[in-house]
Structures are given as structure tokens and as C-alpha cells.
Amino acid sequence: MSDEDVRTRLAALRVQYAERLGNDLQTLIAQARELAARQRSVEPAALETLRQGLHRIAGSAGTFGYPALGQEAREMELWVQTVLETAVAPTAPMLSALGDRLCDSYRRLDTQAPTLAEPNAGYPPGGEERPIRVGVMGADACGALEQALSGFGYACRRSATPDEWREWQPDVAVIDTASLSAASWQACTAVVPGARRILLSADGSFDARLQAVRDGADGFFTHPVDVPALERRLRHLVSQPQQDPYRVLIVDDDTELAEHFRLTLKAAAGIESRVIEHPSDVLRGLREFVPDLVLIDINMPGCSGPELARLIRFDDDWLRIPLIYLSAESDAQRQAQALAQAGDDFLVKPISDVALTAAVTARAQRSRQLSQALARDGLTGLIKHPAIKELIEIEQSRTQRSGAEACVVMIDIDCFKSINDTYGHGTGDYVIRLLANLLRQRLRRVDHIGRYGGEEFVAVLPACSLDNAREAIERIRESFAQLECVAGEAVFHVTFSAGVASTLDWTDAGALLEAADRAMYEAKQGGRNQVRVARDATPQT
Amino acid sequence: MQALHRVLHVEDDPSIQEVARIALEVVGGMQVASCDDGQSALEKAAEWQPDLILLDVMMPGIDGPTTLARLREQEATREIPVIFMTAKVQPNEIEHYRSIGGLDVVIKPFDPMTLASQLREIWERKDER
């Protein structure tokens, strides 16, 4: 049985599981609500049932593609467990809050496509990812903000009461604290605890910012609001949870200790690690595993930690990766000597699990941020030209191995020069970001989207047929043409032309991209605002 | 060292049972038997003599650690290595499951494509412990 068959069987199981998950969540919601409604105290047996139900979901949801839900269930399970262990009777509001949280999970189920390592299906018919929901609360001036964010492709709604917030279930809450009392907006955010918060204020002082931090803000802006900056922050906030786990390469000849570190990092922070026992395997490990950080034992047979660190630093590709020594060496001077050679920091063994996890997570996060900033285009947050080209090559060779089909799409905004000339470069940038956002929202998580040049974009769509790719891009083209762009008083529409090519027709990455480019050029020739498929173009001989 | 071939999977969740079966049988080429609870695992293990038991920690009825203790009491199952599987992931818990005689701990959710190789890795290291 091939990998593909296995994946097909797993996909079928996933469908069954999704159904069961919905039922299980409903049962748990009913149980929590029933307990909350009771006048008398809650008996431990009832809580135990609830805990077992949550435990089942915590253990299984991730395997079937719902890792976030699994994590939530785990948190709720721990809460119930704490209640059981402390033998303090839970109050009705506590249980009712649990019911609400379960309800949120259940609602999100409809909108959460399972996240799969390897997608099998193309785009479901008419299927588009749910747009990011933004709730806006504040004075009338917020109407303009709502409009501007809608223009960027977010689903935006002004909401003023807890009921409206509960119904809207926004991913991000934008709150104008200048025009509201703290009590009124906090009553609303309390019903959507998972939503990220951006607070707007008339006061930009240190104290106001500190207050925002204490109010749980994830972003803070002062009036008049810099809308593009706010949009950037918003995008950043909602894209965070999609990150892959951090990856750590552990080089240590004490395999048992290294294995303990690996398990600890996995268990405490979901960090993926690979253990390398022999220093000579480190370059292969780096290439294959592409870690965010390397932990290096300082004393290893045949090659010391600092020697190995210098050796890694020979290669420019690994300059960005922090190299952290793990050592029993507590002598500050000798630590300094090691750091002077190469390496970024020291962790002294024995180290507690908590300290190890905290140190590694913080550095891996920083390293990931840096890598992303380097690989991403500043204006759009999309992948830069060299990186997207590399992804096309990776995808191309992957499809050659697996026989699956992937598509490459070249997109170019029509008459972009005249937009710049008529409305100025600021508006041109705004149009580019508008399209970038739309692509991000409409394509699947597994798709790669890059900014190829000025007003040119490339998308790589793994496990996607030519027809599905064309249809998906066609729908995006229609939506984009309908979006209203605003420049001062003027309202105008912009279109794009696109070309699509399949890995089945072109087996070389360069030729594939050229084919998509040719098809896009044909779309331009054919009158713009259209999508052409590369098999219409002259095929390669 | 004898290769890992026969695995008894003890798990009360039927969906997880099914995925693990595909993961171990189809991907890993192993022979798998499944039990829904600790009690039936005690009987099945004695009769089928698996190379390894993959044991869920939290099950209704007898839980995983208790099942392990009873396996160790039975002559026929005393020597069969056990790997725990659990969604509980505090580092001290992992140590705890090892200290009570588990070979190692596999954390849920697991990746069906790599579960078999994960078990084999643990299996191959078992004599070093």
C-alpha cells in the first residue's frame, strides 16, 4: 500500500472523526450547562465524566488535524482536574464559562478545516477559507476604520453589546478606548476571550501604554490611527497561530540526556527536536532538519563544541541560527572564551526543564522572526522573490517523486503604472497590499504566496489540479475586480491578469514558471482581467 | 536484537485505535491487535504474547499504570515491554511513567505516518536502559 493510499484511508477516518467530534462537543456542552444550572452542589462523578470526555478530545483531535482544538480541550481538562483535586465545589459561573468555551470550540469546528501535513484534495467547490473577522467598537469615527479594514479584505463589523460580540465571534477586537468606558468594552471582550485585542487611544503616554498592556492588549495605536500600520499588526496577530512548531537540533554524545531534552521540549512547548550524537553528522542534520536553533554540548569526543560552532558558521546559510552551548561549565571566564570563538550563549547543566524550555523557546522565536523578516517582503508580508523560487523548485521535485500535481500561478496587476501615476505611489502600495491580503485569505494555508516583483505575484499550490487552480484564481479575480479602492475622494476598481501552469506539463521548475508567465502575458494580450492556463500556450517540445 | 513485529494496542477510543492500526500495520508493516480496556488487555497479552504493548494511560475501568502493574504480576506477561501513550505531557509525568516500568512514553496526538518508526526507535534503545 502506497503512502498515497494510507493518506486516503486516513482522510476517510478524518471525515468520520470530524462528525464524532461535533457530537462529542455537543454532549460536553450539554453536560457543562446542565451542571451549571443545578442548584445543589456538583458531585465529583459528574465532573469526572466531563473530564474523561475532554481527555478523549485532547488525545485525539490533534491526530485528526485539529491541533488547536486538542490543545483547548487539554486546557479545559486540566481545569476540571484541578477542581477535582482541590475538592472545591465549582460555582455555577465557572461551569457556565466552561460551557461557553466549549461552545466556542464547537462553533469554530465549522470554520476550521483540519490542518493536514499533506493536502490530498484540491479546492473544495466554491470553497474559500473563512475571512478573518474583526469586531470594531467605539465612536462613529470607527466607521471609517471599519470601511478601510473591509477594503483590505477583512470581514468587519461594528459591535457594541456583549450579545453582538458573542454572535460575531471576531478573531480580532479593535476597541477605541478613547470613546468608551473600560467597563463597557471589557464586558464585550469578556465574551470572546480568544479574540486578540487592539486598543486605540487618544493618549500615547507611557502610562496609557502600560495600562493597555495590563488590559491584555496585543496592539496599541493612538489617534489619528495609521490604518496600514494597524492592518499590518492585525495580520501579524492572526497569522501567528499557524506557525509550525519550533525546531531544535541537539548535538550531544550523551544520548540519554539529549533524549530527555528532546522529550522535555516536545512536552512542555511542542518544540520538535532532532538529536545528533556524532558531531560529524551536524551538517547533514542542519540541511535535512533546518532548525531554528542548535544546542551544542561543549565537551564531545573528537570535536569540541566551540570548534563545531565555528565549523557551522563557515556556511552563510546558518549564520542566522543561534548556537547555544550546553555545558556543565560554570566558570564565567571559560564560558567567555568559548563564546569568543563562536556561539551565542551558554546554558549550564544541570538545567531545570522549565529553564531549558524558556531559554530555547525565546531564542527560537527570535530566530524564526528574523528568518521570516529576511525572507518576507516588507510591504506585503509575502515571501520574497528568491524564497518563492526555491519553493517552486521544492514543490516541483516533490511532485516528481509522488506523482501528484501542483500548480504555479503568476499574477500581475493590470495597468498598475497608471494607478501610480494617477493616485500616487502610496495608493499603488495600498493596491498591492489589498491583493496580497486577498490572496492570503482565499488561498489555502498550504499554498505559498510570494511577491515576485513590483506588482507581480506568484502562488504555488501543492496537491492541486490545473482546473481547480484555475477556478480558485478565477474566483479571486472576480472578487478583486469588485473591491472598491479608495484614494482620497476617488473610488476606483483594479483588476489583474493571471497565468496558471501545472507540474504535470512542465517538469523543470524554470520552465514551469516561464509557462505561467507566458500564460499571464496571453491574458494581458487577450484584454486583461482574465486567467489563462498554460496548456493554451505553446507547449514545450 | 529481535525485530519489533507484534504490537498489542490498548486504547478505549475507537478512532485512535483505527488510526494506530493503519499507522502500525500499513505504514509500519507490524502485526497489531487492539483491546478496548485494561482487563481484556491482560487476557489478550497472555494469550497472544505480543513483542510490545502500547498502553493508553487514561482509560475507564483499570487505567494504564494499574494494567501495567497487573501485567507484571502475571507470569505470562511479566516480561512484555510496555510503552505508554498519553495526552498528558508534563515532563515529570514522563519520568513517572518510566519509573513505574514503562519503556517510554508516546505523546498524543501522534503522527500516523511516523508512529511505527517512533516505536521502533524506542524498541531498539530498550536494552540500553
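The model is a predicted one.

Chain B holds an open sheet of five strands, and the pairing is parallel. Read across the sheet, the strand order is S2-S1-S3-S4-S5. The edges fall to S2 (31-35) and S5 (104-107) of chain B; each has a single partner strand, so one side of each goes without a neighbour in the sheet. On average, neighbouring strands here are turned by 25 degrees against each other, direction ignored. Looking at one pairing in detail, S1 (residues 6-10) of chain B runs parallel to S3 (residues 52-56) of chain B, with four bridges between them. His9(B) takes part in this pairing, with Leu54(B) as its bridge partner in S3(B).

Two helices of chain B come next. Helix H1 (residues 14-27) of chain B lies across S1, S2 and S3 of that chain, and its direction makes an angle of about 165 degrees with S2(B). Helix H2 (residues 38-48) of chain B also lies across S1, S2 and S3. For H2(B), the angle is about 170 degrees, taken to S1(B).

As for the cysteines, there are zero disulfides over all chains. Take Cys415(A): the closest cysteine sulfur belongs to Cys485(A) and sits 13 Å from its own, which is too far for a bond, given that a disulfide needs the two sulfur atoms within 2.5 Å. Cys415(A) is partly exposed, because its relative accessibility is 40%, between the 20% and 50% cut-offs. Cys156(A), by contrast, is buried, as its relative accessible area is 14%, under the 20% limit.

Technical notes. Residues are numbered from 1 along each chain as its sequence is written. Chains are lettered from A and ligands numbered from 1 in the order in which they are written. This is a predicted model: local features need pLDDT of at least 70, side-chain atom pairs count only at pLDDT 80 or more; totals for chains, interfaces and linings use all residues. Side-chain values use heavy atoms; hydrogens and water are left out. Two strands pair if DSSP finds at least two bridges between them. Axes are lines fitted to C-alpha atoms, for helices over the stretch in contact, and angles run from 0 to 180 degrees between N-to-C directions. Contact means heavy atoms within 4.5 Å. Buried means under 20% relative accessible area, exposed over 50%, partly exposed in between (1.4 Å probe, protein chains only).
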